[in-house]
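Subject: Handing over the model

Hi,

Here is the structure I promised you, with my notes below it.

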Amino acid sequence: MALPIEDYALVGDRGTAALIGRDGSVDWLCLPRFDSPACFAALLGDRDNGRWIIAPADAEGVESTRRYVGNSAILETTFTTPTGVLVLRDVMPTHDGRADFVRTVRCSEGSVRVAHEWVVRFDYGLVRPWVTRQEVAGHEVIVATAGPDKLMLHGPRLPRAVDGHHADEFDLAVGESMTFSTTWVRSWHDLPEPVPFDDRIEATRVEHERWALTCTDDIPHGDLVRRSLLTLRLMTHDETGGIVAAPTTSLPEDFGGERNWDYRFCWLRDAALTLESLIGAGYTDEAQSWRDWLLRAVAGDPQDLQIMYGIDGGRQLPERELDHLAGYAGSRPVRIGNGAVDQRQTDVLGEVMIALEDARKGGLEETPQSWALQRVLVDELATHWDEPDHGIWEIRGPLRHFTHSRVMVWVAFDRAVKAVEEHGFDGPVDHWRTLRDRVHAEVLERGYDAERGTFTQHYDTRELDASLLNIPLVGFLPGDDARVLGTIRAIEEDLMHDGLLHRYRTQTGVDGLEGGEHAFLACSFWLVSAYVAAGRRDDAHALMDRLCALANDVGLLSEEYDAVAGRMAGNFPQAFSHLTLVQAALALR
């Protein structure tokens with residue numbers, strides 16, 4: 001049984017990332033990329049689906065605390081036992097072309113008996129590899145091989161095979177330590193030579209700390225904002241510039257239910273919003289890498305624009321179910337790939353145009369190619385903007401005229417107009433301006449319930465949607481407009497439960513799925529920003545404090561939060577939660 005979601009922490013090398021429990025177990029790791037098949041998949045099954053644990057051998061009476069080392073992604077877990085104190089350091093060194101996971105265990109007080117278990121199962125815990133002991137450059141190593149993958153375990157004391165698991169126990173006295181590493185290579189490549197790690201780990205720490213210095217200290221909840229930015233960076237692929245929505249798949253929005261999705265891909269919306277947060281916090285260099293990724297990903301016929309892509313810009317993300325995994329907390333199916341790739345979500349281009357406008361304002365020089373791409377995409381939108389879509393929440397029910405989608409269509413035309421008027425780019429500005437005004441008028445006429453004084457989820461309902469909080473945030477209406485104030489009030493009445501917002505009322509069946517879900521954290525962070533726009537700063541600060549208190553002990557947030565049970569839900573850590581936290585903090589600054 002996997003730990004509660006909040007009991008995990010993230011380490012990564014900006015190519016992939018691992019979830020490590022407070023019990024010292026690596027329960028999720030895909031190598032060499034975020035979207036590769038997992039080799040440790042206990043998170044969605046059990047130990048027989050793969051894990052790597054280093055921890056006190058006797059768990060009785062053990063307490064564990066965790067921290068990141070400064071402003072880095074180096075994790076330290078401290079186990080306090082009846083006989084001594086054990087410190088476990090986990091890190092994935094960066095910028096050296098290798099895929100290494102390094103774990104150092106050190107006894108800082110007394111003596112501790114340590115358990116070490118290395119269970120590799122490729123292809124999401126399904127394939128048991130062929131495991132051998134070999135010698136590389138005078139070092140004994142354990143090698144696990146299956147299909148295209150090969151993992152090498154190196155260390156001063158290697159575990160022995162026991163019933164398909166490699167396990168060992170040993171004693172450490174005060175001052176003693178051991179370092180183990182797991183390295184991935186293609187199965188047809190020679191084994192890499194084990195290398196010293198101290199210099200590489202220190203270089204990784206220094207690089208992380210240097211990057212974090214850009215973040216301003218003059219911001220509410222500055223430490224959590226900085227950790228959120230570091231987390232977003234960990235979910236950005238260093239080589240391609242693609243930003244994944246989360247490093248996990250199928251962590252449930254509804255425990256025991258079917259709302260389990262694969263988020264290890266690059267949504268244009270999430271990536272654009274991440275970029276906005278980074279630029280707002282002073283990180284303009286990332287804009288160049290992301291824009292280059294965007295140009296590659298969407299190159300081709302603008303009619304073929306997708307809402308999401310693979311890390312490398314790949315378009316084929318077929319969804320399938322893994323029947324061999326029991327699912328987190330029995331939540332099935334476990335899915336890989338994402339069928340929403342084929343959906344129409346008209347709001348996406350609006351978010352992209354905001355991000356590119358912010359990049360221009362942040363000093364990123366526009367190129368003829370990048371503006372030509374934007375112009376073509378806006379022109380394509382002009383031909384079908386009035387068609388129904390699946391909306392921001394990837395509704396798997398009938399297509400609708402979602403109000404938020406229409407607002408973001410207005411944003412796309414508005415930012416295109418500004419690019420011409422304020423930056424001097426070439427384009428059919430009169431046509432875009434006419435469409436912008438037409439969309440604005442339509443939303444006010446068809447997306448607004450005058451009787452209740454609120455905007456609605458879509459044109460054919462009186463139901464609400466928390467995405468409507470973006471209306472003042474994107475400039476569609478002022479934050480103190482009576483229609484915005486009415487919408488905030490109605491959303492508080494209908495969608496707030498236990499002090500947190502839900503996305504919409506699932507009871508209406510609008511999304512075509514069984515079961516319900518928990519509060520969606522990004523929506524509550526939107527409410528913080530909407531409060532600021534409406535002049536309700538005291539309410540904004542109070543809600544921000546409450547939301548930040550939901551982060552786990554190392555500053556990470558999942559997608560949703562079960563306020564009744566006091567636990568996290570959904571994929572973890574979630575870029576959407578962290579980027580909206582940053583945006584809310586910037587609004588409060």
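Helix α4 and helix α6 (residues 348-361) pack at about 25 degrees, and their axes lie 8 Å apart. (Axes are lines fitted to C-alpha atoms, for helices over the stretch in contact, and angles run from 0 to 180 degrees between N-to-C directions.) The two helices are therefore roughly parallel to each other; angles under 35 degrees count as roughly parallel, over 145 as roughly antiparallel, 65 to 115 as roughly perpendicular, and the rest as oblique. Their crossing is left-handed, a term used if the near helix is turned anticlockwise from the far one by less than a right angle, with right-handed used if clockwise. On the α4 side, the residues making the contact include Leu268, Ala272, Leu275 and Ile279, and on the α6 side they include Val348, Val352, Ala355 and Ala359. Contact here means heavy atoms within 4.5 Å.

Before going further, a word on what you are looking at. This is a predicted model, in which local features need pLDDT of at least 70 and side-chain atom pairs count only at pLDDT 80 or more, while totals for chains, interfaces and linings use all residues. Residues are numbered from 1 along each chain as its sequence is written, and side-chain values use heavy atoms, with hydrogens and water left out. Helices (H or I, at least four residues) and strands (E, at least two) are DSSP runs, numbered from the N terminus.

Helix α6 has another partner in α5. These two pack at about 140 degrees with their axes 11 Å apart, which makes α5 oblique to α6. Here too the crossing is left-handed. Ala287, Trp290, Arg291 and Leu294 of α5 meet Val352, Ala355, Leu356 and Ala359 of α6.

Next comes helix α2 (residues 198-212). Which of its residues are buried? They are Arg200, Ile201, Thr204, Glu207, His208, Trp211 and Ala212. They cover an arc of only 130 degrees around the axis, which puts them on the same side of α2. (The arc is that of the directions from the helix axis to the C-beta atoms; buried means under 20% relative accessible area, exposed over 50%, and partly exposed in between, with a 1.4 Å probe and protein chains only.) The face turned away from that side carries the exposed residues Asp198, Asp199 and Arg210. The buried residues of α2 pack against β8 (84-91), β9 (100-119), α3 (222-234), α4 (268-280) and α5 (285-297).

With α3, helix α2 makes an angle of about 120 degrees, the axes being 10 Å apart. The two are therefore oblique to each other, and they cross in a right-handed way. Glu207, His208, Trp211 and Ala212 of α2 make this contact with Arg226, Leu229, Leu230 and Arg233 of α3.

Helix α14 (residues 575-588) is mostly covered, with twelve of its 14 residues buried. Among the elements that cover those buried residues are α3, α4 and α12 (521-533). Pro573 sits in the loop between β26 (567-569) and α14, and the peptide bond from Phe572 to Pro573 is cis, with omega near -20 degrees. A cis bond also joins Arg332 to Pro333, with omega near 10 degrees; Pro333 is in the loop between β18 (320-321) and β19 (335-336).

Why point these out? Most residues other than glycine have a negative phi, and most peptide bonds are trans. Ser250 is not a glycine, yet its phi is positive at about 65 degrees. Ser250 is buried, with a relative accessible area of 0%, in the loop between α3 and β16 (266-267). Glu394, also not a glycine, has a positive phi of about 55 degrees. Glu394 lies in the loop between α7 (368-384) and α8 (403-423) and counts as buried at 16% relative accessibility.

Finally, Asp562 belongs to strand β25 (residues 560-562) and is buried, with a relative accessible area of 9%. Leaving aside its neighbours within four places in sequence, Asp562 is in contact with His518 and Arg567.

Happy browsing!
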